[in-house]
Amino acid sequence: MLSAAVVRALGGLRSRPGATLAAAAGLVLAGVLAGTATTTGIALATGFDRAQRAAGTADVIARFDEVERDAAAARLSPLANVRSISYRIVVRPVDLAAFADGEVQFGTAEVNGVELEHADDGLALVAGRGLSGAPGEAVVERGLANEWGLEPGDPLRLADWVGRVVGVAVEPDNVAFPLAARPRVYLLDSDVRGDILRTGATAVNAAYLHLIAPDRLPETLVQARAASYGVTGLTFTTRAGVRALVDEAGGLVGGLLIAFAVVALLAAGAMLAAAGHARVTAEVGTIGALRALGFAPLGLAASYAIEAMLVALPAAAIGVTLGAFLVRGATADLLGGLNELAPPGPLWPAHAAAIAVIALLAGLAAGWPAFAAARRPVVATLRGRVVAPPRGPAATARPIVVGARLALARPGRLAVSAIAVAAAVATILLLLALARFLIDAQREPSAIGERYSLVARGRDALELARGTPGVAAAAERLQVRGVDGFDLAEPLTLVAFGPGGESVFAGRPLLEGRRARARNEVEVGRGLAQSLGLAPGGRLLALLEGGSEVRLRVTGVVQELGSDGRVAYTSLAALRAAAPGERPEVAVRAASGVAIAELADRLEARGLRVQRNAGLAPAGAPFVDTIVALLRVVALVTGLVCGAIVLLSLLVLARERAETIGIMRAAGARPAQIMALLTGASLALLAIALPLAYLLERVLFGPLVSGLVERYGALPLVPAPLDLALVVAAFLVVALLTAAATGRRLSRLAIVDLLRDV
Amino acid sequence: MGDPVISARGLVRVHGSGSAARAIVSDVDLDVATGELVAIVGPSGSGKSTLLHLLAGFDRPTSGTVTVAGRRLDSGSESARSRFRSANIGFVFQSFRLVPELDAFQNAMLPVRLARDASAGRSRVEELFERLGIADCARRLPSQLSGGEQQRVAIARALAMEPQVLLADEPTGNLDESSGAGVMGVLRAAVTPDRAVVVVTHDAALAEGAARILRMRDGILTAC
């Protein structure tokens, strides 16, 4: 029976080359969606761990004020759980000049002086080689190499040090330049001391600790802090802390893209199911004939499944490869910005799995309805395609109404097609909402509650800013980094605004509890609340940079989109008391109608250093642009998939209703009227699918994605009216184009052929 | 007898190609005038229906010409041919071919709607329903009608635009004797000084009522 099933399957493919090609085209698009989703999702989900493994990142990075290497070693080496330690002297800012691509470029860098025997500790080399001990060698971070076009062999100057680039590396303990303010350059510590610091002392200010038992990290951190007398400004960064640091820049969008991958795969699955089901239900008559010839229901199901899989395998392979290729560049850019490594090669196992899943889904989608049809009595099946009875007479014979009724006469199929289209459209709406939100959050700080456009620093900044024409309001803003007092591996940021703060900062949206009012009260971001198990009524104990500590009572949990949600808002008095050495900046709100650039010039003219408040992604415009580009590529691919579903459903309808179309043509229907009939059918589909898509986005996809990135709080992933209007307009065009294409094809067939069959 | 309203010259329709090519209609010449009822008889597979399809413009001949009411149907755009067919040719199928989603009246109104002639066409269709005795069936769906009623609705549809030519392909083939007799009467009545009727039939009684009977055998048309 199996060989007969295969023979029928091959015959089915040969007999309908047009339908086979149409099905293949739909499967290619589903493959593109799956390839896009798997490439983006897997690369982002694994990029951090891959980079950490390749670099051999330390379990703990201790940073402190400069101290003699022997003094630091005397404190750290005796720790019980430490396997090895490397020390660095980190200097910033250092004037940097490089000659690359035929031009000299200037900037400032963070120079890391490393020990020769640990020269590659924490670095993953991506080009050239590491430091060998020879004079005049430098390794530069990949972000700098990409931005300036540097390659091994290019000359480099750092203050008085002159040498050449010998290697390019990634150090995944922070985001990359230009997301980070300064690029990192690695020299031998002796070069740093001799040519940059010009000192003979062997001072260090960072230690990279590799532990024997990484799971005993908290105890080691407590021991290290207890043993750190004489070492000032001590802070620890752990792997978890590094991940949090990196997440500050990319976690939100990375999480959103992974969530999208899940949603996109669901949409592809729904589309495959709809296509396969439609294909088989149009062939009920043939199934009846085959049953009459002795095919068993299971054999028939296998035959249709084999036929579908024979088309699906090559089509999905093409689609998945194409999808992976389409987003490879944007994904690599995104990973580059996060100092993470792209997968070493194509994700063959994941892509093979995606292809296999698509083929299996296609097989199931064709096999199951064939099985269901074959189980019906042979006589009933032999009557051929089931032209559904109408539900009451039509009010008019206008072609567009007739077309809608033809589509509505098969509510089951219409529902499956509508769900597939709705899933894809909802994905598009979600992507557009995300893209719009990211753009707003980057360019319009008010989107995340911030009313200030500029940040000014300098002596008497507050008075000077308030006295500048065009300033509507100004208030002090103090930001101090620290770690949780109980778990030193948990980084956090405390922020406070001075008097008049409410005029420049509206407060993050409150998710739980109430606003902080008293001096020792604090509102914590959702991410921090989740990490530390905090809730209103709880206590936050924070160890600040510099070693002081502050105890605060949690009154509320707020939505915090920046810094992985690990931010807490307290009073300026409390934060100042805890960190007296920290100098606040001034948040400046521009008066209505005043150009930000012009106001920045005015403040600078008063001797202040001014920065623009870049909202969610400080200094990260290219980064957010990359993500937005990625989201739009995926939205476009999803749109194509939608178009394919609409076309497929029309082709199936045309096959099933060939006789009706033939009758209408015999009665004098012109090609335009046949197109109107098909437009009516696709409008019926869209009339169900588009509202369903909006509901799906609001009720399911949006909350699902928000839930996957819950640490940031509730994201406002509501489609903008303009996006909604654009999507509706685009799909009306899709309906017209697909109806025109199908109608044109049907109008070219002889009426006798339509009346006979299609 | 009026002027020729249908004129076919050297009409050939070949199915298949190469060694599998087979002429279904061979070198047919035919003239039908208004006011004339012509019956075409012949065994199954002789090419009667194919000839009728060519005369209706449902199919294009392999060679030869078809002219209906002064217009060539073997050439021209599909859009123009559809418009012409809607106004000038009515067709009755053996198996009725009613649109199952539309009620009887809407089925008959279909060509009227397609020609955007709804206001004038509506009264014509209502009158036809009265004349054909199916006024009570107007709001019923095809599935709720008997075979005879369905064929009358199909005839009403064919006459809705008052065509100059009415073509009927085995119109009584799916009907019992009494229903067939009724349909025959309707077709005879459809012959007017401004209209020609061509009927393909096995029904000797229907053929006998025709002014002219032609025989088709192996694609060749001859006078009886």
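The side chains of B:E78 and A:R665 meet in a salt bridge, 2.9 Å from N to O. A salt bridge here is a side-chain nitrogen of Lys or Arg within 4 Å of a carboxyl oxygen of Asp or Glu. Across the interface of chain A and chain B, the rule finds two salt bridges. This is a predicted model, in which local features need pLDDT of at least 70, side-chain atom pairs count only at pLDDT 80 or more, and totals for chains, interfaces and linings use all residues. Residues are numbered from 1 along each chain as its sequence is written, chains are lettered from A in the order in which they are written, and side-chain values use heavy atoms, with hydrogens and water left out.

**Interface of chain A and chain B**

- In all, 33 residues of chain A are in contact with 26 residues of chain B; contact means heavy atoms within 4.5 Å.
- The two chains bury about 2,600 Å² between them, 62% of it on carbon and sulfur atoms. Buried area is the accessible area (1.4 Å probe) that two parts lose on being put together, summed over both.
- Seven residue pairs are in polar contact across this interface, both residues at pLDDT 80 or more. A polar contact is a pair of N or O atoms within 3.5 Å; within protein, one must be able to donate a hydrogen and the other to accept it, and residues adjacent in sequence count only if both atoms are side-chain atoms.
- On the side of chain A that touches chain B, helix 12 (399-408), helix 19 (658-666), helix 20 (671-708) and helix 22 (751-756) each supply at least two residues. Helices (H or I, at least four residues) and strands (E, at least two) are DSSP runs, numbered from the N terminus.
- Helix 19 of chain A gives the most to that side, with six residues.
- The residues on that side of chain A divide into 21 nonpolar, six polar and six charged. Ala, Val, Leu, Ile, Met, Phe, Trp, Tyr, Cys and Pro count as nonpolar, Asp, Glu, Lys and Arg as charged, and the others, Gly among them, as polar.

**Salt bridges within the chains**

- A search of the whole structure finds 26 salt bridges over all chains.
- A:R184 and A:E110 pair at 3.5 Å, N to O. A:R184 lies in strand 8 (residues 184-188) of chain A and A:E110 in strand 3 (residues 103-114), so the pair ties together parts that are 74 residues apart in sequence.
- Both A:R184 and A:E110 are buried. Buried means under 20% relative accessible area, exposed over 50%, and partly exposed in between (1.4 Å probe, protein chains only).
- B:R72 forms a salt bridge with B:D74, with the closest N and O atoms 2.9 Å apart. B:R72 is partly exposed at 40% relative accessibility, whereas B:D74 is buried at 14%.
- B:E126 and B:R122 meet at 3.8 Å, N to O. They are four residues apart in helix 4 (residues 118-132) of chain B, so about one helical turn separates them.

**Nonpolar cores**

- The largest nonpolar core has 131 residues. A nonpolar core is a set of buried Ala, Val, Leu, Ile, Met, Phe, Trp, Tyr and Cys residues joined through side-chain atoms within 4.5 Å.
- Helix 13 (residues 411-443) of chain A gives the most to this core, with 18 residues.
- The residues with the most contacts inside this core are A:V421, A:V425, A:F731, B:L51, B:L55 and B:L167.
- Leaving aside neighbours within four places in sequence, B:L55 is in contact with residues including B:I6, B:L30, B:V66, B:I89 and B:L167.
- A second, separate core of 40 residues includes B:V92, B:F96, B:A158 and B:M161.
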